[in-house]
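Subject: Structure handover

Hello,

Here is the structure I promised to pass on. Please open it and keep it in view while you read.

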Amino acid sequence: MSLLTMENPVFVTYVIAASIMILKLMGQGWVTVVRMMGSEAGLLNPEDLKPGPANRNPRPEQLEPNDYVERSRRIQRNDLENIPGFLAAGLLFVAVGPSLILANILMYAFVITRLAHTVAYTSGQRHEVRATFYTVGSVIVIVMAVYALVAALF
């Protein structure tokens, strides 16, 4: 059986987890846009103050930082720092043929920790709460990468 087909249940787990993470990553950008447009604040570039359909009443203060918008940007930046590593390590992990139970535990736990991290960040939880979710997700990616490396070397 080829490892990168839908006949491989480990690959199916990866496809599900990776798809959720890609949708989460892309969706967060839209959340930022909605927050920017709803608050009419948090714009980044001087050219964003040119009048147009999305900003009919531009004002210089729209370029000032807005925590409501910036919080969403920070969540997306954090996702951009973490999800690509999962996508790469997860694919390598699938390629070396781990057990289904191990793949399910690691990949779905990563998805859960990233979603929990977003909830914690959105709701303004203290750093230690967010750091716990980040740490668990980071360790999962490291475990998958090390597992693939060891399998490739030995």
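Predicted model: local features only at pLDDT ≥ 70, side-chain atom pairs only at ≥ 80, totals over all residues.

Start with helix 1, which covers residues 9-39. It has 31 residues. At 1.5 Å a residue, these should span 45 Å. The C-alpha atoms at its ends are 44 Å apart, which agrees. Now look at both ends. At the start, N8 reaches in with a side-chain oxygen, to within 3.0 Å of the backbone nitrogen of V10. At the other end, E40 comes just after the helix and takes a positive phi of about 50°.

Next, turn to helix 3 (residues 100-122) and helix 4 (residues 127-153). Their axes come within 8 Å and cross at roughly 155°. An angle over 145 degrees counts as roughly antiparallel, so helix 3 is roughly antiparallel to helix 4. The crossing is left-handed. From helix 3 they include L102, L106, F110 and H117. From helix 4 they include R130, F133, Y134 and I140.

Is H117 buried or exposed? Its relative accessibility is 2%. Buried means under 20%, so H117 counts as buried. What does H117 touch, leaving out residues up to four places away in sequence? The answer is N78, R130, F133 and Y134. Of these, R130, F133 and Y134 belong to helix 4 and take part in its contact with helix 3.

Best wishes

Methods
Residues numbered from 1 in each chain as written. Heavy atoms only, no water. Helix = DSSP H or I, 4+ residues; strand = E, 2+ residues; numbered from the N terminus. Expected span 1.5 Å × (residues − 1). Polar contact = N/O pair within 3.5 Å; in protein donor to acceptor, adjacent residues only side chain to side chain. Buried < 20%, exposed > 50% of the residue type's maximum accessible area, 1.4 Å probe, protein only. Contact = heavy atoms within 4.5 Å. Axes fitted to C-alpha atoms, helices over the stretch in contact; angles between N-to-C directions. Parallel < 35°, antiparallel > 145°, perpendicular 65-115°, else oblique. Left-handed = near helix turned anticlockwise from the far one by under 90°.
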